[in-house]
Amino acid sequence: IGALVPFIASFIIVYCLMPFIDFLSQKFKINKKLAILIVLTLFTLFLLYIILSIVPLVIRQFNGLIKYFVNNQEMIQAKISEFLDGTNIDLKTSVANIREYLMNNSIDLINSSIALVSGIFSFIFMTPIFTVMLIFNYDNIEAGLRKLLIKNKKKKILPLLKQIDESVGKYIKVTLLDCFIIGTLSGLLLYFLKVDYVQLFAIIIGVGNLIPFIGPFISIIPVLIYAATKSVHLFISILVLITVLQGIEANVVKPWLTSKSVNIHPITTLLVILIGGALFGIIGAFIAIPVYIVIKLVVQFYFAKGKIEKNDDL
């Protein structure tokens with residue numbers, strides 16, 4: 001599954017870039033390959049801008065956040081001790097249990113760290129290669145699949161593939177736009193509350209929204225931990241405001257963006273994400289909804305097809 005991450009990322013990039021390529025080639029009658037080169041060039045320049053301007057800023061803020069916790073560890077320890085004094089938690093026992101767990105699982109932790117580093121390098125180097133190969137062969141793949149289905153007398157499946165293409169593509173675009181909106185608004189709220197490291201926390205919250213339901217809860221944890229070291233008032237303010245923002249996003253923004261094109265019940269969404277996460281981790285939680293959409297459309301298609309054939313027999 002980890003090896004598929006660069007391919008999944010390139011697949012998402014191509015899905016998002018193809019509408020712009022089609023627009024240039026159809027509206028301005030530009031050669032398809034030239035349109036691909038123009039869009040890829042603009043996309044590459046945009047990525048370079050992000051890498052050269054935003055990434056260094058985020059790294060500086062991340063380093064600053066680590067230094068903040070290191071320089072204020074005595075104050076943080078005092079607050080933790082004060083909190084634990086009012087509870088029945090035995091700090092020494094908890095620390096000993098954590099230390100024992102780390103010692104017993106040190107090899108697994110080292111292997112996981114190595115796998116993470118190799119995965120990052122694989123993502124950085126392989127994603128551009130997959131993207132270029134996929135985007136230049138997108139039409140050929142589509143045409144080849146169409147010919148294969150017609151040759152094997154499976155032409156009736158073409159409407160299903162078109163529906164899957166539209167539904168999954170729309171879900172990907174809506175999810176990315178939703179992450180951008182929620183990240184930007186979260187950043188504005190944190191800036192209004194005069195929180196340090198705004199860009200870092202805003203990006204974490206925005207990226208967290210890639211995983212419905214679970215992601216928003218996980219992504220808010222870092223900023224809440226930081227706020228807890230500042231004041232109770234700041235902690236409560238961030239918790240309330242971000243929760244309200246996430247509630248508006250879930251009930252107003254996202255339904256408006258999707259326009260009910262991807263009609264999935266919230267309980268079904270949560271169950272699918274939990275199953276995907278349990279089976280394949282974070283990657284499974286991320287791709288769970290698109291996979292479910294494909295399975296759902298396939299089942300609906302064959303169920304409707306069987307119903308029609310049954311009526312024809314009658």
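I start with K32, which is partly exposed, with a relative accessible area of 24%. Here buried means under 20% relative accessible area, exposed over 50%, and partly exposed in between, with a 1.4 Å probe and protein chains only.

This is a predicted model, where local features need pLDDT of at least 70, side-chain atom pairs count only at pLDDT 80 or more, and totals for chains, interfaces and linings use all residues. Residues are numbered from 1 along each chain as its sequence is written, and side-chain values use heavy atoms, with hydrogens and water left out.

What does K32 form a salt bridge with? The partner is D22, and the closest N and O atoms are 3.5 Å apart. The criterion is a side-chain nitrogen of Lys or Arg within 4 Å of a carboxyl oxygen of Asp or Glu. A search of the whole structure finds one such salt bridge. D22 sits in helix α1 and K32 in helix α2 (residues 32-71), so the pair ties together parts that are 10 residues apart in sequence. Helices are DSSP runs of H or I, at least four residues, numbered from the N terminus. D22 counts as partly exposed, at 25% relative accessibility.

Next, the cores. A nonpolar core is a set of buried Ala, Val, Leu, Ile, Met, Phe, Trp, Tyr and Cys residues joined through side-chain atoms within 4.5 Å. The largest has 21 residues, of which L160, V168, I289 and I293 touch the most other members. Two or more residues each come from α1 (5-27), α7 (158-192) and α12 (266-313). The largest share, eight residues, is from α12. Apart from this core lies another, of 18 residues, among them L65, V198, L234 and I238.
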